[in-house]
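Dear colleague,

I am passing on a structure that you have not worked with before. Please look through it first, and then read the notes below.

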Amino acid sequence: MKNESYILSKVKKAEVPPYLYTRIMQGIKALEDKKVPFKWKLSWAVAAALLLLFNVISFTGEENRDANSQVQTSTENVYDNVVNDIYHD
């Protein structure tokens with residue numbers, strides 16, 4: 001603890017260039033003034049709509065129900081065919 005207080009006691013106040021705050025605020029304002037192009041907004045909206053449509057179709061499609069039953073059947077078959085030969089040596 002003494003070491004930390006010693007280090008902090010050695011810290012001196014830095015000299016700040018004039019108008020630094022003004023330049024920082026101008027930089028922030030310049031970033032706020034920039035706007036995203038309409039084409040980018042439109043492309044993101046279309047991509048989101050297509051992704052949502054794909055998800056809805058994939059979850060509500062009839063083929064998906066058949067695929068899920070096939071996966072369930074195949075996993076049941078895997079567990080039915082378990083052989084515990086390692087324990088019968």
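**What was found**

The chain has four helices and zero strands (DSSP runs, H or I of at least four residues for helices and E of at least two for strands, numbered from the N terminus), and along the sequence they follow the pattern α-α-α-α. This is a predicted model, in which local features need pLDDT of at least 70 and side-chain atom pairs count only at pLDDT 80 or more, while totals for chains, interfaces and linings use all residues. Residues are numbered from 1 along each chain as its sequence is written, and side-chain values use heavy atoms, with hydrogens and water left out.

The chain averages a pLDDT (the predictor's confidence in each residue, from 0 to 100) of 78, and 65% of the residues score at least 70. Confidence is highest in helix 3 (residues 38-60), at a mean of 92, and lowest in helix 4 (residues 62-80), at 60. Where pLDDT is low, the predicted coordinates should not be read in detail.

Of the 89 residues in the chain, 1% are buried (under 20% relative accessible area, with exposed meaning over 50% and partly exposed in between, for a 1.4 Å probe and protein chains only).

Y19, in the loop between helix 1 (2-9) and helix 2 (20-33), has a positive phi of about 65° although it is not a glycine. Y19 counts as exposed because its relative accessibility is 66%. Y21, which is found in helix 2, likewise counts as exposed, because its relative accessibility is 61%.

With kind regards
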